[in-house]
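Me: I am new to this structure and would like to learn how to read its features one by one. Please give the general idea each time, then the case at hand.

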Amino acid sequence: LKSSNISDPSDDIEPPIDAFTRANTVKEAEEIKIGFRQSLTQSLIQAHDKRDCVAPFRLEEIELGPKLGSGEFSNVYLVNSFKLEPNFAEGDASRSVEELDKR
């Protein structure tokens, strides 16, 4: 018997994305990545390829789309866009130059 005042955790789970949508999303992301790399000068490509740090973003700066899936430790969402805060690094000495350059 299910009590009416207890919420079912499965109510919060978004329906899975179908395989066709997932494949198109991956293909579109790859095309955007290729297009971006082609727009860069050779010196920027070489500088970018030498870096292995992740660009720092605040959650508020990332506009998420639908949930694509989930794993043991996290959920995966489509990233619709980034809305960067212009004063992100002010007063934050913990950020490396490479991290800030990636923004």
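Me: Does D18 count as buried, partly exposed or exposed?

Reply: Buried means under 20% relative accessible area, exposed over 50%, and partly exposed in between (1.4 Å probe, protein chains only). D18 counts as partly exposed, because its relative accessibility is 42%. Before going on, note that this is a predicted model, where local features need pLDDT of at least 70 and side-chain atom pairs count only at pLDDT 80 or more, while totals for chains, interfaces and linings use all residues. Residues are numbered from 1 along each chain as its sequence is written, and side-chain values use heavy atoms, with hydrogens and water left out.

Me: Which helices and strands does the protein have, and in what pattern?

Reply: Helices (H or I, at least four residues) and strands (E, at least two) are DSSP runs, numbered from the N terminus. Here there are 3 helices and 2 strands, and along the sequence they follow the pattern α-α-β-β-α. D18 is in the segment before helix 1.

Me: What does the side chain of D18 contact?

Reply: A polar contact is a pair of N or O atoms within 3.5 Å; within protein, one must be able to donate a hydrogen and the other to accept it, and residues adjacent in sequence count only if both atoms are side-chain atoms. The side chain of D18 makes such a contact with the side chain of T21, at 2.8 Å. The backbone oxygen of T21 is reached by the side chain of T25, also at 2.8 Å. T25 lies in helix 1 (residues 19-39) and is buried, with a relative accessible area of 17%.

Me: How are strand 1 and strand 2 arranged?

Reply: Two strands pair if DSSP finds at least two bridges between them. In this model 6 bridges join strand 1 to strand 2, and the two run antiparallel. They form a hairpin with 4 residues between them. G69 stands opposite V76 in strand 2. K67 is placed in strand 1 and counts as buried, at 15% relative accessibility. The side chains of K67 and N75 are joined by a polar contact of 3.5 Å.

Me: How many salt bridges does the structure hold?

Reply: A salt bridge is a side-chain nitrogen of Lys or Arg within 4 Å of a carboxyl oxygen of Asp or Glu. The structure holds 1 salt bridge. E63 forms it with K83, the closest N and O atoms being 3.2 Å apart. E63 lies in strand 1 (residues 62-70) and K83 in the loop between strand 2 (75-82) and helix 3 (97-102), so the pair ties together parts that are 20 residues apart in sequence. E63 is partly exposed, at 32% relative accessible area, whereas K83 is exposed, at 52%.

Me: Which residues form the nonpolar patch on the surface?

Reply: Patches are made of residues with over 30% relative accessible area and no salt bridge: like charges are joined within 9 Å, nonpolar side chains (Val, Leu, Ile, Met, Phe, Trp, Tyr) within 5 Å. Accessible areas come from the Shrake-Rupley method with a 1.4 Å probe; for residues, only the protein chains shown count as cover. The patch consists of F57, L59, L64, Y77, V79, F82 and L84, with about 620 Å² of accessible area together. Its largest share, 3 residues, comes from strand 2. V79 is found in strand 2 and is partly exposed, with a relative accessible area of 40%.
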